[in-house]
Amino acid sequence: PRLANQIAAGEVVERPSSVIKELLENSLDAGATRLDIDIEEGGIKLMRVRDNGSGIERDDLPLALSRHATSKIYELDDLEAVATLGFRGEALASISSVARLALITSTNDDASGWQAVAEGRDMETDVSPAPHPRGTTVEVRDLFFNTPARRKFMRTEKTEYNHLEEVVKRLALSRFDVAFNLRHNGRMVYAWRAGDSQLEQERRVAQVCGPAFMENAVHIDIERNGMRLWGWVALPTFSRSQADLQHFYVNGRSIRDKLVGHAVRQAFQDVLFNGRHPAFVLYFELDPSTVDVNVHPTKHEVRFRDNRNVHDFIYSSLHHALARVTP
Ligand code: ADP
Ligand code: MG
């Protein structure tokens, strides 16, 4: 059902960066420890993600590439229903409905593998043998080639590339144990090695956020009542005009949340001074059963069971840490 896929694609595939997010998350789900990302023309022309994850079995390919949950939607009347369904298990189907998608995969290292290709349609059919080491390469070309209305909404190559790089950076800060290589128009932009020690983590934060951030940041790590807040916060000596250096992860997932944002801002304001944007890379960990990070699959919302407790902990942890290092 191509129409259903295109409708869903409107939700999950907004621009190149949303495609990259889905592809990288799939690779990480597959246990990849190395991601090679190739971009051409801001992702509008080409996005290719190669991973060394589990690969996909030949017999599982049709399922992986088809829509499982919403194949019943054929008519525009059902448009409203789409909004409430969520879009899990539909990313590849959605992407292949609005782009030329090719997937090569192998579950073993004997150089045998399988390729499937689709151009704006369901792709269960053409599966052919193709060599590939263990892992998967997904290639997405000509995004929105068959949906001109949507293509118009894409911005310049530069703008789309910046959004895409933001997504890669956000993920790179959530998985220090995974190597990321990013190329744009044939040029290597980033090559981030994997490593989980504090030194290696700080190397990556410096690579992703810039050396000036790391040079002016303090490391914090506070644990109380089953909650832990750790990471790096920049001191007032770090000056930066943009407000984009704010990374907050809840149980490993990047989120943007009002409650969290308020607690963080308040702590910075109370210890330091008003009128500047705090910069931070923070990881908040708590009992997964007390938080719902799947409120919306494409947004970064989160719902805590105990708002007040969470707010208090984040505020007081940061307040304490900042007060300790600020004259
Ligand atoms: P979801 O990730 O929500 O299951 P997707 O459409 O993104 O839905 O992917 C469909 C399925 O294809 C996944 O569940 C997974 O089994 C398989 N898959 C996709 N990408 C990869 C990958 N890079 N490595 C291994 N399996 C993959
Ligand atoms: Mg997925």
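At what angle do the axes of helix α2 and helix α7 cross?

1. The axes of helix α2 (residues 16-29) and helix α7 (residues 157-172) cross at roughly 25° and come within 8 Å, where axes are lines fitted to C-alpha atoms, for helices over the stretch in contact, and angles run from 0 to 180 degrees between N-to-C directions. The two helices are therefore roughly parallel, a term that covers angles under 35 degrees.

2. On the α2 side, the contact is made by Pro 16, Ser 17, Ile 20, Lys 21 and Leu 24, and on the α7 side the residues include His 163, Leu 164 and Leu 171; two residues are in contact if their C-beta atoms, placed from the backbone, lie within 7 Å.

3. This is a predicted model, in which local features need pLDDT of at least 70, side-chain atom pairs count only at pLDDT 80 or more, and totals for chains, interfaces and linings use all residues. Residues are numbered from 1 along each chain as its sequence is written, while chains are lettered from A and ligands numbered from 1 in the order in which they are written.

4. Strand β4 (residues 114-119; strands are DSSP runs of E, at least two residues) pairs with strand β3 (residues 100-106) in the antiparallel sense over six bridges, pairing requiring at least two DSSP bridges between the strands. Within this pair, Leu 101 stands opposite Ala 118 of β4.

5. Strand β5 (residues 127-129) also runs antiparallel to β4, joined by three bridges, and Val 127 in β5 is the bridge partner of Ala 116.

How values were computed
A residue is buried if 20 or more other C-beta atoms lie within 10 Å of its own, exposed if 12 or fewer, and partly exposed in between; C-beta atoms are placed from the backbone. Helices (H or I, at least four residues) and strands (E, at least two) are DSSP runs, numbered from the N terminus. Angles under 35 degrees count as roughly parallel, over 145 as roughly antiparallel, 65 to 115 as roughly perpendicular and the rest as oblique.
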